[in-house]
Amino acid sequence: MLYLVEFKRNHYIQKKNTTQYICSSWFLIMKKQWLTFFLLALILNVKAQKIYTWKWIAGDSTPQANQIIVGELNTGAHQNNPGSLIGSSLWAIDSTSFYLYGGISNGSSNIMWQNKDSIWYWRSGTKSRVEEPKYSSLGLAKRSNTPGQRNHHCVWKDAYSNLWLFGGIAFNINHYEFKNDLWRWDGENWIWISGDSSGNSMPYYMKGKGAYPGARNGASFCTDKFGNFWLYGGTGIDAQGKTVMLNDLWLWNGNDWKWIAGDSIGNQHAEFNGIHNIGKPGGKENSALFFVNDTLWLFGGLTSTGINKTATLNDLWKWTGSNWIWVSGKKVTHSGIYSGIKQKFEPAARRWPAYTQANFDEAWVYGGSNGGGALSDLWKWNGKNWSLISGDSITNKPAIYSNNVNNKVSEIPGSRIYTAMAADQLGNLYMYGGYNDDKTRSDLWKFQTIKDTGIIKVYCENHFVTNTLDTPKQHSIYDYGKASITTVGKVKQFIVINNGNEQLSFPENAIAIIGTDSLSFIVEDQLIKKSLKPGDSTNFSIRFKPRAEGHAFGRIVITSNSGLNNKLNFILRGLGQEAKVTRINNISCSALKIQIKPFNAEHFSVYISQKPNAELLNNGVNYKHSLNYSKAPHLDSFSKVIYHGTKRNLEISNLISGRDYFLYVYPGSGSGNEIWYWKDSAQILSFSTRKSIWQDSISIFPDSSFYLCDERKCILSAYTPFNNLLWMDSNSISIRALYNSSITYFTTIDFDKCILSSDTLKISFFSKPKIDSIYTLHSKPWCFGTPLTFRAVSSEKIHYEWNTGSLYDSATVNKTGWVILYSRNSYNCKSKDSLLVAFMPPPQFNFIDTFAILRKQLEVNYKSNAQKLIWIIKNDSFDSLSKIINQAFENSYLNVKAISRYGCITNDSIPIKVISNKIQSNAFTPNGDGINDIWHYYSEFKNNLELTIYDRWGEKLLESKELKWDGSKNGIPLPIGTYYYLVKKQDQIISNGVIHILK
């Protein structure tokens, strides 16, 4: 473990009650008059203070969008370069190591990069920037696993320094989609932990286990002091399957998702009910989320402010554990407050900022877009006030780079959006890439947050220990435990860093331990280096080896040359409780009695396991338990809690004969529901139960846990030679049926009532997916030629597969037959729904030999099987099956709508020609037999006549001064039918009529 304390050369600053959430076993003490030192610090600090600014530490000063240099796998090289990226993510491991993943720049990166000492290493992924996610089984580490080409995702580091990634936008088969998959990086491989491998997944909102968020990008995220991941909003899929802005708040505890607050339906608009009043932040994307002083805060972003209305805001919200409270900022886009009283400073409205939190006591926000341009300001939130650290309200500032080692040129990253940011364990900030000056960047920047000179920092793990005079709470996770002569010595390692701007030196014995029980703490290694340059570090270690029973106490003093207050004091304590097993008696081969002496413990908890390395209790967890432990005799796979409380003598039954067991006893303190059990003070004992000659005489079928989809029962069979089979519910028949989801235990007992063996079968029954309805917006009749679209509605999250080939919630059909929908839920349970679709034929309708009108009357000749005819001439329509139409208009069309008995429609039309002269009708048979092959027009007028022949559509077939026709067009014989003639003399119509071709 690594412990941290801050020592300032020129002044001393006291903070109240902060150690209980970090390295709370330690606190600073000060014997001298702090007021004198504080006043002296104000005088000295005027000369000694130096303001640290941004420093360009790696990457290119010019855009390098296409110059991604990968090199060899796991081999670092100075020329390696992730390239220019926007929407990527950073993890800070420590002050010398970072991980980088994802982003976009003419394509996205799917490479996991690590930067160690300013050199990039290719750790996973392919050299091709375009790659789809690849999934193996859940929880399986595999080299081929990859989140794929991805951007605008969420990343975090948990309490065990595991790296995590959630959601974002990923590339999949030539398109991009929102994701809700969760990944963990084990140092070499990606592991798919939860979520869907398919994109655009819907969420599942429920209180309790089983809930999970939907696919999204642009969400805000952070971690709390326990390493839990918090997620808010973003643009994604809501419970209705729509793409919206979300306002849901989620927690991932390392094993399960928990829906904390917010709505399941998106585009909820913000509700501002006055400063410091309960309200609702509303749907947000690209905002900032952070934990400061044990409180969750939400800042800015693009926000839904009403129906179809959004605005970029600078609103700040606090989560109380049950409600959101509006703390500061405006409910409209605001330019911020950059001058005046510092306590009233306020950042401008923005979206896409870079943000992070440092050591849970401050949050940092850089840049972003305010709608009018990109910002370059750096702000710090300490839980009470905003502080403007660098930059101003001016937008679209270019970056300034310098290669001068003396840093005479003031370097700035400039205005940025889509930038990755992280903070190391010392609180220094790092930024990579982003969008600046209309270009994507590949530069890495550092902002050192220390502003005072001559500072020694000592740190434990990833947390600061700040100055305090308060006693740490006893349930600190860094507690040494109860001092005991049998306690194995525990070594804790410390790192000392000079974060000032002056060289520090230490005397020979810089580390000393004094106090009432100081000999229980031994300095094994003094400071390795006796002189530290600015930024340099060294280390030492302390062993805890108590000499006697009782609590250990010691004070560590670190001495240096760093000015007047050159001694750093903090207290080391062991504050555990104790409970010991004093006797174990075997009653039989399946039961024993144990006697526990609690000593100074108020409570104790007892675990039993068949494994020597059973999972221990986590300190700080409040356990709720049932006392009916006899219902759970199966102890083969996991450790089991068998007792919580204050009782001194316990009897444990339902053990298996001839087995080795390990007993874990944890002392604790507290009352009611606030009982804490001490990991460091656990006593672990091993024992064996008495053997029987009939060992492990049970066989079970099926022999593994399984689940069934919507089944009514499951048949189980177990065999034992003794007829002493005992199920969990005391049923002893060998073959039985289960009807509900359950964990079922099997035991066999010999003639001496000893449990010979035990096994467990977990059976889960899951319902098949349910389709609430299948509907179409097309009303009947469904006629040939008109495709139908059917849509399925389900209140569950399911996968669709239609027999038409569609994999979505809708399918289109255009022929008669069965429409079948196969649905599948997340448990792989399947169901089938079907619908018979019948397309009706349209009616038949054909015009036959219909031409003109005599005295405004038209005789229509047609064939049809329609049930109804609607005739339409110009704007008039009438319903009739008659073949005589009593009205017509010259040079218009006769339209007909034929309707079948099913309601299907056929449309047709024919031109109308009104002829006022007398009609001369005739017929001939142009079949080549020499009889009536030529039609002649006979008239008393022989000169200056012109004959024109038309078909029924008005197309001209012949125009000739010879008053005859052979029944052809351009020499090609025409079919049987009705044709029309017109005879004119000098543009005056002499005659017109109908000619019938017969054959």
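Rings of Phe, Tyr and Trp (its six-membered ring) pair if their centres lie within 6.5 Å; planes under 30 degrees apart count as stacked, over 60 as edge-to-face and the rest as tilted. By this rule, the structure holds 51 aromatic pairs. The model is predicted, so local features need pLDDT of at least 70 and side-chain atom pairs count only at pLDDT 80 or more, while totals for chains, interfaces and linings use all residues. Residues are numbered from 1 along each chain as its sequence is written, and side-chain values use heavy atoms, with hydrogens and water left out.

One of the aromatic pairs joins Tyr 101 and Trp 190. This pair is edge-to-face, with 5.4 Å from centre to centre and 70° between the planes. Tyr 101 lies in strand β4 (residues 97-101) and Trp 190 in strand β12 (residues 190-194). The two are 89 residues apart, and the pair links distant parts of the chain. Strands (E, at least two residues) and helices (H or I, at least four) are DSSP runs, numbered from the N terminus. Both Tyr 101 and Trp 190 are buried. Buried means under 20% relative accessible area, exposed over 50%, and partly exposed in between (1.4 Å probe, protein chains only).

Tyr 401 and Trp 445 form a tilted pair, because their planes stand at 45° with the ring centres 5.4 Å apart. Tyr 401 lies in the loop between β27 (386-390) and β28 (420-423), and Trp 445 in strand β30 (residues 439-447). The pair therefore ties together parts that are 44 residues apart in sequence. Tyr 401 is buried at 19% relative accessible area. Trp 445 is buried at 0%.

Ring pairs also build a cluster, whose members include Trp 156, Phe 221, Trp 259 and Tyr 355. Lys 207 lies over the face of Trp 259, at 4.5 Å from the ring centre. Such a charge sits over a ring if NZ of Lys or CZ of Arg is within 6 Å of the ring centre and within 35 degrees of the ring normal. Lys 780 lies over the face of Trp 782, at 4.9 Å from the ring centre.

A search of the whole structure finds one disulfide, defined as a pair of cysteine sulfur atoms within 2.5 Å. Cys 783 and Cys 904 form this link, with their sulfur atoms 2.0 Å apart. The link is left-handed, with -95° about the S-S bond. Cys 783 lies in the loop between β55 (773-776) and β56 (788-793), and Cys 904 in the loop between β68 (892-899) and β69 (905-914). The two cysteines are 121 residues apart. Cys 783 counts as buried at 14% relative accessibility, and Cys 904 is buried at 1%.
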